[in-house]
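Hi everyone, thanks for coming. I'd like to walk you through one model today, so let me put it up on the screen.

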Amino acid sequence: MADPLHQFEIYPVVHISLGEVNASLTNSSVAMLATTIIITLFMTWSMRGRALVPGRWQSLAEMSYEFIGSMVRDNVGKEGHPYFPFILSLFMFILFGNLLGLLPYSFTFTSHIIVTFAMALAVFLGVTAIGIIRHGFHFFSFFVPKGVPAVMLPLMITIEVISYLSRPVSLSIRLFANMMAGHTMMKVFAGFVFLLGWFGFAPLAVDVALTAFEFMVAFLQAYVFTVLTCLYLNDTIHLH
Amino acid sequence: MPQFDINLYPSQIIWLVVSFVLLYLAMSRIALPRISEVLEKRRDCIERDLDKAEALKKEADEVLAAYEQSIAETKAKALDIVKQASDQLAKESAARHAKLSAALVEQVKAAESTIAQAKANALADIRSIAEDITHQVTTKLIGIKRVDKKQLQDAVVAAMREHE
């Protein structure tokens with residue numbers, strides 16, 4: 001039986017070294033660059049007609065735009081407008097990364113904790129920086145819940161700080177674990193198809209269902225990551 | 001698990017940053033302005049078309065009102081013309097009627113006077129004939145040679161008056 005974790009293996013395509021650091025172009029890097037290129041092509045090529053009455057591709061691009069646009073508007077409000085390009089890039093990057101990872105023999109870069117953690121950390125640091133720039137020292141009142149007796153304050157502040165600091169961890173682990181578990185499960189069942197001989201149709205049927213399920217997870221996890229980013233942004237912009 | 005191989009981290013982070021920054025630039029500089037421009041253009045276009053439709057509707061209403069007014073005016077004018085024509089005809093026929101009746105009255109009068117004349121002539125003839133007959137009867141029957149002419153005339157007139 002093939003190793004179900006083999007799909008997460010990273011191997012270099014082009015060796016690149018920046019001093020001591022190994023910055024090789026790997027299969028993961030190729031997947032990321034492909035994601036960027038495909039999203040850019042999708043969002044520009046489908047708008048090339050700039051048609052007043054959109055065709056199918058232009059409708060898709062406009063739908064993506066308005067989907068994220070309304071998400072930012074509903075969750076952050078008008079102040080979220082400057083961050084709209086970032087939120088849209090984040091959503092599209094995760095969504096297309098997940099979807100491209102579903103192609104056979106491709107690579108799912110969102111199934112690597114370091115990638116999801118780097119994105120979550122960037123969101124976390126960015127949101128915190130926006131909070132401090134907007135509200136200055138007042139930003140730290142975020143950790144002081146209102147209407148709590150003074151005796152309880154040290155405990156409450158500790159809890160608030162810990163819950164704030166755990167945001168990037170939960171954000172990154174949710175995406176990483178979902179992608180890795182789903183893809184591993186698919187490979188495990190695929191391995192059973194050959195082991196069970198004639199009865200292999202049963203795990204094959206499961207794999208068909210799992211594939212559909214994974215498409216949903218791919219979208220859902222991109223959505224959850226983005227919506228949580230919006231909520232964090234909203235918390236910092238509007239404190240409480 | 002390859003996910004926990006720290007040696008693989010730097011390359012993944014570097015390429016993640018490169019890819020994402022490229023994507024962000026492509027989205028914020030090229031793709032999104034283009035889409036928002038198209039969406040805005042569409043919104044403007046729809047708004048403009050709605051405005052235009054409203055203006056056209058208003059114009060159509062005005063034209064309809066003007067049309068109805070002109071129809072009403074024309075109807076009134078037509079009624080006027082019909083009334084004038086019938087008045088004219090009535091006047092003309094009255095005038096002709098009056099002229100005709102005047103001419104008839106004239107003719108009747110002329111005929112009456114002719115009749116009266118004829119009657120008077122006839123009466124005068126009758127008297128002279130009666131005188132003549134009376135003169136001859138009296139001379140022949142009675143034999144009076146000379147008859148007083150005045151006496152004769154009076155007798156004839158009296159006799160005629162008796163028979164009238």
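Helices H1(A) and H3(A) cross in a right-handed way. Please keep in mind that this is a predicted model. H1 of chain A covers residues 27–45 and H3 of chain A covers residues 84–101; their axes come within 9 Å and cross at roughly 115°.

Which residues of H1(A) and H3(A) meet there? On the H1(A) side you'll find A:Met32, A:Ala34, A:Thr35, A:Thr36, A:Ile38, A:Ile39, A:Phe42 and A:Met43, and they meet A:Leu88, A:Met92, A:Phe93, A:Phe96, A:Gly97 and A:Leu100 of H3(A).

Now to a second helix pair. As a reminder, two packed helices are described by the angle between their axes and the distance between the axes. For H2(A) and H7(A), the angle is about 35° and the axes are 9 Å apart. The crossing of H2(A) and H7(A) is right-handed. H2(A) brings A:Phe67, A:Met71, A:Val72 and A:Asn75 to the contact, while H7(A) brings A:Phe219, A:Tyr223, A:Thr226, A:Val227, A:Cys230, A:Leu231 and A:Asn234.

Let's turn to the surface. A nonpolar patch there is formed by A:Ile37, A:Leu41, A:Trp45, A:Trp57, A:Leu60 and A:Met63, and together these residues have about 660 Å² of accessible area. Which elements give two or more residues to this nonpolar patch? They are H1 and helix H2 (56–75) of chain A. A:Met63, for one, sits in helix H2 of chain A.

What about charges? Side chains of opposite charge can pair when their charged atoms come close. Over all chains, the count comes to five salt bridges. One to look at on screen joins the side chains of A:Asp235 and A:Arg167, at 2.8 Å from N to O. A:Asp235 belongs to helix H7 (residues 201–238) of chain A and A:Arg167 to helix H6 (residues 167–195) of chain A, so this pair ties together parts that are 68 residues apart in sequence.

Let me zoom out to finish. Chain A has seven helices and four strands, and along the sequence the pattern reads β-β-β-β-α-α-α-α-α-α-α. The C-alpha trace of chain A spans about 70 × 55 × 45 Å along its principal axes.

Conventions:
Residues are numbered from 1 along each chain as its sequence is written. Chains are lettered from A and ligands numbered from 1 in the order in which they are written. This is a predicted model: local features need pLDDT of at least 70, side-chain atom pairs count only at pLDDT 80 or more; totals for chains, interfaces and linings use all residues. Side-chain values use heavy atoms; hydrogens and water are left out. Axes are lines fitted to C-alpha atoms, for helices over the stretch in contact, and angles run from 0 to 180 degrees between N-to-C directions. A crossing is left-handed if the near helix is turned anticlockwise from the far one by less than a right angle, and right-handed if clockwise. Contact means heavy atoms within 4.5 Å. Patches are made of residues with over 30% relative accessible area and no salt bridge: like charges are joined within 9 Å, nonpolar side chains (Val, Leu, Ile, Met, Phe, Trp, Tyr) within 5 Å. Accessible areas come from the Shrake-Rupley method with a 1.4 Å probe; for residues, only the protein chains shown count as cover. A salt bridge is a side-chain nitrogen of Lys or Arg within 4 Å of a carboxyl oxygen of Asp or Glu.
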